[in-house]
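Here is a short report on one model.

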Amino acid sequence: MKLNEKRILDTFFAITALDSPSYHERKIAEYLKKAYAELEIPLEEDSCARIFGGDTGNLFGRLNGTLPGAPILFSGHMDTVEPSCGKVPVLHTDGKITSDGTTVLGADDVSCLTAILEAVRYLKETGTPHRDLELMFSVAEEHFSEGSRRFDYTKLRSKMGYVFDLSADMGAAALKAPGSVHFWLTVHGKAAHSGFNPEDGIHAISIAADAISQLTFGHTDPITIVNIGTIHGGRMTNIIPERCEMEGEIRSYKDVRIQEELDHIVEVFRASAEKFGGSIEERHEWCYKALDTPEDSEVVHFYRRACEKTGLPCTLTGTFGMSDCNHLPQNGIEGIVVSSAMWNCHSIAEYTTEEALIRLTELVITLMTQE
């Protein structure tokens, strides 16, 4: 296939230059709406931003094809991790593309947005037969996939989908990803003056420390991790702290293990609180359910063939990161997370290459045009 390689690069540079922090993806959304409108594909924006205070909703569009078979979903996200504002992409003489060193590049996930847009342009311009296609571009993916979690999946007719959001060599795809729970714990003690009557107080931070000392963090087994990432407590140095707040997460390839670890954490904290005369409050939110797509599924078979046709080595793997793909199985869609021409993500050392962007576009076109 003959691609417009200059336009691929120009598109990538144009989108990465747009500010797109989570909850503020408006500039990229308007760019995509305009670009797809020029291809006579309207992108519909949902109202999920009202729920979490963002300024942009998820985008959804459909392109009818002529090849037989159910529609295929192609998806990526519009937001970028910090530092994300004022991005200046730089093309080096060896074809490597980086930021100017002061921000992330934004290849996560602009590589995906570029490849899908350029693939659709190619189909329109060449008249190449393709499957029915569904496109979903999410917001707030970097914050527990808040956008895709609230997407109305009844809009979709796809039974398989490709989420381009994996930092790995081209041709890699993740079939497994962990589920995740975000939890909040508050220990309640009793305030007292630390100089005059400390014995009348109940030290909330001490209770938290007692509980934490009994827990295991990091890998609690080969497929599960536990972490408490923030702790806040106390008001002044001369007051016994009456409150201590903690926030953490649990990830596992097995959802049942997440629930077991959460129950254990609450049990330990409650026992420590009772021992010292305090109490606890707990709340949690399931951010993701585990992804476990079988190797013999149609979405994987289809991907293998596309890699073979494109000349990419197909590598099936797992990841301990989550993505919008985690939400597909609960909505009747088999999905995998595909490598999307991005490396060293979530750092100012992030990069892609001109060649990888071209190969990614070729892969997307092949997936869209396979019978």
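A charge counts as sitting over a ring if NZ of Lys or CZ of Arg is within 6 Å of the ring centre and within 35 degrees of the ring normal. In this predicted model, Lys-96 lies over the face of Tyr-351, at 4.4 Å from the ring centre. Lys-176 is placed over the face of Tyr-253, at 4.7 Å from the ring centre.

Strand 5 (residues 96–98) is joined to strand 17 by 3 bridges. Ile-97 has Thr-352 of strand 17 as its bridge partner.

Now the rings. The structure holds 10 aromatic pairs. Two of them are tabulated.

| Pair | Centre to centre | Angle between planes | Class |
|---|---|---|---|
| Phe-151 and Tyr-153 | 5.1 Å | 85 degrees | edge-to-face |
| Tyr-253 and Phe-320 | 5.2 Å | 85 degrees | edge-to-face |

Tyr-253 lies in the loop between strand 12 (243–252) and helix 7 (255–276), and Phe-320 in the loop between strand 15 (315–318) and strand 16 (334–339), so their pair ties together parts that are 67 residues apart in sequence. Tyr-253 is buried at 18% relative accessible area, whereas Phe-320 is partly exposed at 26%. Phe-151 is buried at 6% relative accessibility. Tyr-153 is buried at 9%. Phe-74, Tyr-162, Phe-164 and Tyr-303 make up one aromatic cluster.

Terms used:
Residues numbered from 1 in each chain as written. Predicted model: local features only at pLDDT ≥ 70, side-chain atom pairs only at ≥ 80, totals over all residues. Heavy atoms only, no water. Pairing = 2+ DSSP bridges. Helix = DSSP H or I, 4+ residues; strand = E, 2+ residues; numbered from the N terminus. Phe/Tyr/Trp six-rings, centres within 6.5 Å; stacked < 30°, edge-to-face > 60°. Buried < 20%, exposed > 50% of the residue type's maximum accessible area, 1.4 Å probe, protein only.
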